[in-house]
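Colleague: I would like to learn how to read helix packing, sheets and ring pairs in a model. Could we go through them one at a time?

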Amino acid sequence: MGGHLVTVATCSLNQWVLDWEGNLQRIVESIHLAKKAGARLRVGPELEICGYSSLDHFHELDVYTHSLEMLRKLLEDESCYDILIDVGLPILHRNIRYNARAILLNGKILLIRPKMWLANDGNYREMRHFTPWMRPRETELFHLPKILQEIQGETHVLFGDAVISTPETAFGAETCEELFTPKAPHIDMALDGVEIITNSSGSHFTLQKLDVRLQLIMEATRKSGGVYLYANQQGCDGERLYFDGCAMIIVNGNIVAQGSQFSLNDVEVVTATVDLEEVRAYRSSISRGLQAATSNAKYQRIQTSFELSPEDEDTDIWKKPTLPRPPRYHSVEEEIALCGGCYLWDYLRRSGTAGYLVPLSGGIDSCATATLVFSMCRIVIQAIEDGNQQVIEDVRRICKYGKEGELPKTPQELCNQIFTTIYMGMSKQSSAETRGRAKELSDAIGSYHVDLDIDDVYEAQKKLIVQTTNFEPRFKVHGGTVQENLTLQCLQARIRMVTAYEFGQILPTARGRPGGGSLLVLGSANVGESLRGYLTKYDCSSADINPIGSIDKADLKRFIAWAEKKFDLPCLHGFLTAVPTAELEPITQEYVQSDEADMGMTYAELTVFGRLRKLNKLGPYAMFQRLVHDWSADREKVEGDEAPFYTPRQVAEKVKRFFHFYAINRHKMTTLTPALHCNDYSPDDNRFDLRPFLYPPFWKSWSFKRIDMELEKIEKRREERAGKSKETA
């Protein structure tokens, strides 16, 4: 029968797409760490051999060939024997591409288990690359290629939906999305007596998503009982996404082990010792037994004599079940700081560049981007102090200004080596306050700072118009038209973009960095501005990467308020209290440009519009129908209600204005800088939010006419009600 105490391991790996040997090295290291901890079963992330975000590379035969070649190396490695291994890779079976798991033991393949329910929402495009296995609890034979036949000693292995049976228990696998489906495979597996379930995921970060993920995983075994091993990718593997790890082990709905959500460790293994008798006791209810006895969902069991819990280990009194622990969560502010910092470090070290450059405007958005880089530096310095050899090696390779081999000792020292801030002012538009805030922030975080004015370049470009057309454009405050005003604002914005890239390319050489190199330019357009189109195409919103591109203004403010205290940066307070302004128009005694006045809506309203458009899937008419209630001036205010109070006509105007500007500016999303994905209402046209970028005029649209018809009915009813109230009074 075997023992009942089983040590199991799951992990988070920082894989990189198509980094074949690097990915294999991290897989092997995780197996070694699992064995060292006494584990007899190890599960890893989804598609860990090739890297999850290989995307359209999955159409290339090389990916399948190289995946099998790495699998062979793993099977040949005797240091990975004496442990059951659940590893993820793409498989080509009978000319069909599958996202699959291979279950290995002592150099042999026990089963290839294809994914049955593919993720195909939001950032996920698995149906573009793979075909799901649509035959639950069925198997067939997979013809092994010659490179695996030699090792297997056979020509075929089982392929399909089955489970592994050991002398003392049985375990089965489900993959990522399958957990999120209404009838997840673990339900039928549990009813068929499977006691350990592995889940290999490629689940990316969004703000507060961990709460939902944890609830689902805990619920998976709270109802059915059992041991659940969750593995996940961690880090940036070459895309806009950050995979937030958090490998965990759950027993009967209770967490017994939880890994880090954000880390610079390339390999993190989480282990726990579980008592199978606890699972059996938990499943002893009559109703559960009746459902199990009448279930027709029976799995083929692949038998192995390998023991997960050798019987003699039950006499080891030093071995005991791992105790439950409360789940560990981060606040929104911590998630922004940690996710942004870890993502930026992965991107920098893997890009081979010399550092980052941020155009500082003196406003809160570019301040947030700079603070995220400083957060990255804090995380890196902590990793150095913790002895992380990979981080130490990367820092020595990137930081070349000091003595050879010398490591920076503070975040500010590291910041000065790899981070440049640049303030690009205009004598009439830029205020002393924004220039001062930019310099103060740079001094506080230690960045290499450049302060310059672009007046000469601006005047030279403006002169081209005058000389060519004999027409001199003027700002609105000087009597110019809207088009003249926009032309002059966009001219400044685009000069700043060119200047940022110019300095990004030459500064490492100008500073005497050995080998020169270039800086990656970071963008600072928040999600609301992108959604509304409140940015100039090819201005400083155009960059190599944008760490705040899917974070809204409210969350950015919360992050800066938190960082002011947590990072001991009192200068951040000035950014919080400043009025958001683009400073693209001349400042006069009567006029100072304001972002929210320009947009005709507040940042808070933009967040509501964005969520209703994307998450609630509302068009103009449906959004008006929703907000005319949510923002009603006639509603009774209750505690926690922070929504504005508007008349139905004001709501209609707001909704129409949003959709009008959204439609005419949608073309800007086609060139939007790749942004770290943090919110589920990101307007990223290239991956996440697929929409047209040429719309009919919304002011003439049927949906706007329907709003007007609905508004007329509502206003008529309000008038009738007001009249009755007067009569009663």
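Modeller: Take helix packing to begin with: H10 and H11 pack at an angle of about 80°, and their axes are 8 Å apart. Axes are lines fitted to C-alpha atoms, for helices over the stretch in contact, and angles run from 0 to 180 degrees between N-to-C directions. Helices (H or I, at least four residues) and strands (E, at least two) are DSSP runs, numbered from the N terminus. This is a predicted model, in which local features need pLDDT of at least 70 and side-chain atom pairs count only at pLDDT 80 or more, while totals for chains, interfaces and linings use all residues. Residues are numbered from 1 along each chain as its sequence is written, and side-chain values use heavy atoms, with hydrogens and water left out.

Colleague: How is H10 oriented to H11?

Modeller: Angles under 35 degrees count as roughly parallel, over 145 as roughly antiparallel, 65 to 115 as roughly perpendicular and the rest as oblique. H10 is therefore roughly perpendicular to H11. Contact means heavy atoms within 4.5 Å; here the residues include Gly 340, Gly 341 and Trp 345 of H10 and Ser 375 and Met 376 of H11. By class, this contact has twelve nonpolar, three polar and no charged residues. Ala, Val, Leu, Ile, Met, Phe, Trp, Tyr, Cys and Pro count as nonpolar, Asp, Glu, Lys and Arg as charged, and the others, Gly among them, as polar.

Colleague: At what angle do H10 and H12 pack?

Modeller: H10 (residues 332-351) and H12 (residues 389-398) pack at about 60°, with axes 10 Å apart, and the two are therefore oblique to each other. A crossing is left-handed if the near helix is turned anticlockwise from the far one by less than a right angle, and right-handed if clockwise. H10 passes H12 in a left-handed crossing. Trp 345, Leu 348 and Arg 349 in H10 meet residues of H12 that include Asp 394 and Arg 397.

Colleague: Which classes of residue make the contact of H22 with H23?

Modeller: H22 (residues 620-630) and H23 (residues 648-664) pack at about 145°, with axes 10 Å apart, in a right-handed crossing. Their contact has eleven nonpolar, no polar and no charged residues.

Colleague: Now the sheet. In what order do the strands stand?

Modeller: Two strands pair if DSSP finds at least two bridges between them. Four strands form an open sheet in the order S19-S18-S17-S20, with parallel pairing. S19 (448-453) and S20 (519-521) stand at the edges with a single partner strand each, so one side of each has no neighbour in the sheet. The twist averages 25° from one strand to the next. S18 (residues 419-425) pairs with S19 over six bridges, and Thr 421 stands opposite His 449 in S19. H11 (residues 364-385) packs on the sheet, touching S17 (355-359) and S18. H16 (residues 482-510) lies across S17, S18, S19 and S20.

Colleague: How many aromatic pairs does the structure have?

Modeller: Rings of Phe, Tyr and Trp (its six-membered ring) pair if their centres lie within 6.5 Å; planes under 30 degrees apart count as stacked, over 60 as edge-to-face and the rest as tilted. A search of the whole structure finds 24 pairs. Phe 374 and Phe 567 have ring centres 6.0 Å apart and planes at 70°, so this pair is edge-to-face. Phe 374 lies in H11 and Phe 567 in the loop between H18 (553-566) and H19 (572-577), so the pair ties together parts 193 residues apart in sequence.
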